Amino acid sequence: MAGRAQPVNPFPGIAAAAVVAALILGTLAAIALRAEAGQGFGPADWAALRFTLTQAVLSALISAGLAIPVARALARRRFPGRSVLIALLGAPFILPVIVAIIGLLQVFGRAGWISDALGFFGLPPIRIYGLHGVVLAHVFFNLPLATRLILQGWQEIPSERFRLAAQLGCHGSSMFRLIELPMLARILPGVLAVIFAICLTSFAVALTLGGGPRATTIELAIYQAFTYDFDLSRAAMLSALQLVLTTAAAYAALKLSRGDGFGAGLDRAVRRWDGGKPIADTLWIALAAIFLLLPLVSVVISGLTGLVSLPLVVVQAAMTSLAVATMSTAVLLLMALPMAATIATGRYGWVDISGILGLAASPLVIGTGLFIVLRPLVDPTSLALPVTALVNAVMALPFALRILVPAARDAVQRHGRLALSLNMEGRMFFARILIPRMRPQIGFAAGLAAALSMGDLGVITFFANAETATLPLQIYRLMGAYQMQAAAGGALLLLVLSMTVFWLLDRGGRWHAEA
């Protein structure tokens, strides 16, 4: 229906896309203009670049390398709770970073469970800060993602391929070499590129587990240029470098994620004849589950005692985070819904491009640009919460569009002609047709945006003052003051709030939704 009359009014979507493009490109232009006054790269900047690339490469290689045997074991084994375990692999995506870091510290830190066990045998404790700590946290977050992506590759292999290989006497290493290795060669480059791109912009991990001259990422260097030196020129120069890196990584991820598959099958359930070693598969699945669940269990255990004596500032910060998440979700829906409807018409392809611009610019880069733009006009700290909500919405927009656009396109294709024949277009078509049929996707996108905003520790670090703090920022401040029990209680509160808002919005979207 791309060349015919459409029941959707495209102008709200075009306006929303223009606002998003102006926000991102405008802040990037402000950074570029400011960076011209820079003094060039110093030794500390080159060290930050080397560390950023090193930790991203190591994180991608280790995450993907560990995900291969875990995904293969899940592909070959059927056991009670398998579907639940696979579903839980998606939980780290909405898990607040500061919560996971506290859990990792309690398990792997100097005073953590593993260090205590090592001390019992007279061994030195684990040192988690620095490169190995940053990589450990990235593996925690990205191992589930890599496992899901690689497992999907295994599930896309037609059942007939395994049947034919078994009939030809292929087992074990032969089946891996002929069937599974070509799949991995097609899937792995995209997986590595995606994880590499994610690790380039993980500011909270570097802020809490990095630091120091030898463990500073580019984003952390941007933060330090603001906080310690208030050197806007250097921050702008580093932001421009970060933009180049993230754009190149995002482009590589999109390119490498494409590729020809194994062709179509008869849609039969995949059956494996290469039983392999069940003990090894069970061990890989168990180790992965323990690695992912143990930090969360530690947060719950330690947080229960901390909840009893939470300081009032933590409760106030929790209310602030809820307010920011509410604003961010509302802004996201105001942008994403009209943009999804416009994209669904098949016209205005630049609207879709505008929607994915957030993948190329990290929150800290946009925050840098906004600070540069706003500082001559107003006190940026007075706009800390609205700016944080806006940036969080823009960062969640690419994911929301990937959720909403297929449902919007289906509704336009199914009901567009009938709506035009009934003179139902514009606002009426949007309210009577699109919204009711997109309710599950709207709820899921809203829940995802709210959970991501609740756990964000990024732009707020630029704009917040001593009296303003979201819950992740307040937890970070408590960690810096060595109030670990209160920080653990705040982390448990943040975990419960994030998961609750996601569940409520996702469930609300599916409640009595029309088919």
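## The second largest cavity

In this predicted model, the lining of the second largest cavity divides into 3 nonpolar, 4 polar and 1 charged residues. The residues that line this cavity are Thr 52, Gln 55, Cys 199, Leu 200, Ser 202, Phe 203, Thr 217 and Glu 219, and the elements giving two or more residues to that lining are α2 and α8 (173-200).

## The largest cavity

The structure holds 2 cavities of 30 Å³ or more, and the largest of them has a volume of about 50 Å³. Its lining is made up of Val 70, Leu 74, Leu 85, Leu 89, Ile 285, Ala 288, Ala 289 and Leu 292, with α2 and α12 (278-308) as the elements that give two or more residues to it.

The largest share of this lining, 4 residues, comes from α12. By class, the lining of the largest cavity consists of 8 nonpolar residues, with no polar and no charged ones.

## The salt bridge

A search of the whole structure finds 1 salt bridge, in which Arg 234 pairs with Asp 45 and the closest N and O atoms are 2.7 Å apart. Arg 234 belongs to helix α11 (residues 232-256) and Asp 45 to helix α2 (residues 43-76), so the pair ties together parts that lie 189 residues apart in sequence. Both Arg 234 and Asp 45 are buried.

Methods:
Residues are numbered from 1 along each chain as its sequence is written. This is a predicted model: local features need pLDDT of at least 70, side-chain atom pairs count only at pLDDT 80 or more; totals for chains, interfaces and linings use all residues. Side-chain values use heavy atoms; hydrogens and water are left out. A salt bridge is a side-chain nitrogen of Lys or Arg within 4 Å of a carboxyl oxygen of Asp or Glu. Buried means under 20% relative accessible area, exposed over 50%, partly exposed in between (1.4 Å probe, protein chains only). On a 1 Å grid over the protein atoms alone, a cavity is a set of points where a 1.4 Å probe fits but cannot get out, and a pocket is an open set with protein on both sides within 12 Å along at least five of seven lines; lining residues have an atom within 4 Å of a point. Grid points are joined across faces, edges and corners, and a volume is the space filled by probe spheres set on the points. Ala, Val, Leu, Ile, Met, Phe, Trp, Tyr, Cys and Pro count as nonpolar, Asp, Glu, Lys and Arg as charged, and the others, Gly among them, as polar.
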